[in-house]
Amino acid sequence: MRGVYEATINISALATNQTLIYITAPANKVVEILSAEVTNCTNEPNEQAEVTLSKISSLGSPTATTITPTRAEQGDQAASSTVKGNVTGSEPTYASAPAIEVGRKGFATLAGYQYAPVPEERLIIAGGDSWGLKLVTTITAISADCVLRFRELG
């Protein structure tokens, strides 16, 4: 499918509530979130965790790793969205009003988290807006693979 990208990052020693991946849509396009996942790569004891996709009201200047999204089709141009992962300082400010988050789920850390909505329920991010996939709970340190799949439209 044209315009589809995957942003992946491994976060070692993930233990605190933090932003795992955030995306900022380019000003001239909208971004459709196709899926997101967080999987445990270590053999740590199973425990309950919680993840959500949430709208960022003020991005600021987070300390994070830049992610270059992979194209789903080789003929596509590079992604125009800005994607960063593993925010370790200066967390973005998230919007607090109701209905500004999607895909909030509790999950067992050994099973992992997956957000894969049907097309009618997919999150559409307006041009210039930022959304983050964030761990809401504090857990025993794990190594986690975090993935965000999206499509740029426009």
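This is a predicted model: local features need pLDDT of at least 70, side-chain atom pairs count only at pLDDT 80 or more; totals for chains, interfaces and linings use all residues.
Student: Where should I begin with the strands, and which strand pairs with β1 over nine bridges?

Tutor: In general, the side chains of a regular strand alternate between the two faces of the sheet. Here, strand β1, residues 4-14, pairs in the antiparallel sense over nine bridges with strand β13, residues 142-153, and within that pairing V4 stands opposite R151. Strand β1 also pairs in the antiparallel sense with β6, residues 70-71, over two bridges, where the partner of Y5 is R71.

Student: How many aromatic pairs are there in the whole structure?

Tutor: The search finds two, and in one of them F107 and Y113 are tilted, with ring centres 5.8 Å apart and 55° between the planes. The angle is called tilted because stacked rings would have planes under 30 degrees apart and edge-to-face rings over 60.

Student: Is Y113 buried or exposed, and what is it in contact with beyond its sequence neighbours?

Tutor: Y113 counts as buried because its relative accessibility is 3%, under the 20% cut-off, and F107 is buried as well, at 9%. Y113 lies in strand β10, residues 113-115, and, leaving aside neighbours within four places in sequence, its contacts include A36, E37, V38, V51 and L133. E37 is 76 residues away from Y113 in sequence, yet their C-alpha atoms are 5.2 Å apart. A polar atom of the Y113 side chain also lies 2.7 Å from the backbone oxygen of G103.

Student: What about a charge over a ring, and which residue lies over the face of Y94?

Tutor: That residue is K134, at 4.2 Å from the centre of the Y94 ring.

Student: How should I read the salt bridges, and how many does the structure hold?

Tutor: Side chains of opposite charge can pair when their charged atoms come close. The structure holds ten salt bridges, one of which joins K29 and E152 at 3.7 Å, N to O. Because K29 lies in the loop between β2 and β3 while E152 lies in strand β13, this pair ties together parts that are 123 residues apart in sequence. Both K29 and E152 are buried.

Student: Which partner does R122 have, and how far apart are their closest N and O atoms?

Tutor: R122 forms a salt bridge with E32, with those atoms 3.5 Å apart. This pair links the loop between β10 and β11 with strand β3, across 90 residues. R122 is partly exposed, at 23%, whereas E32 is buried, at 7%.

Note on methods
Residues are numbered from 1 along each chain as its sequence is written. Side-chain values use heavy atoms; hydrogens and water are left out. Rings of Phe, Tyr and Trp (its six-membered ring) pair if their centres lie within 6.5 Å; planes under 30 degrees apart count as stacked, over 60 as edge-to-face and the rest as tilted. Buried means under 20% relative accessible area, exposed over 50%, partly exposed in between (1.4 Å probe, protein chains only). A charge sits over a ring if NZ of Lys or CZ of Arg is within 6 Å of the ring centre and within 35 degrees of the ring normal. Two strands pair if DSSP finds at least two bridges between them. Helices (H or I, at least four residues) and strands (E, at least two) are DSSP runs, numbered from the N terminus. Contact means heavy atoms within 4.5 Å. A polar contact is a pair of N or O atoms within 3.5 Å; within protein, one must be able to donate a hydrogen and the other to accept it, and residues adjacent in sequence count only if both atoms are side-chain atoms. A salt bridge is a side-chain nitrogen of Lys or Arg within 4 Å of a carboxyl oxygen of Asp or Glu.
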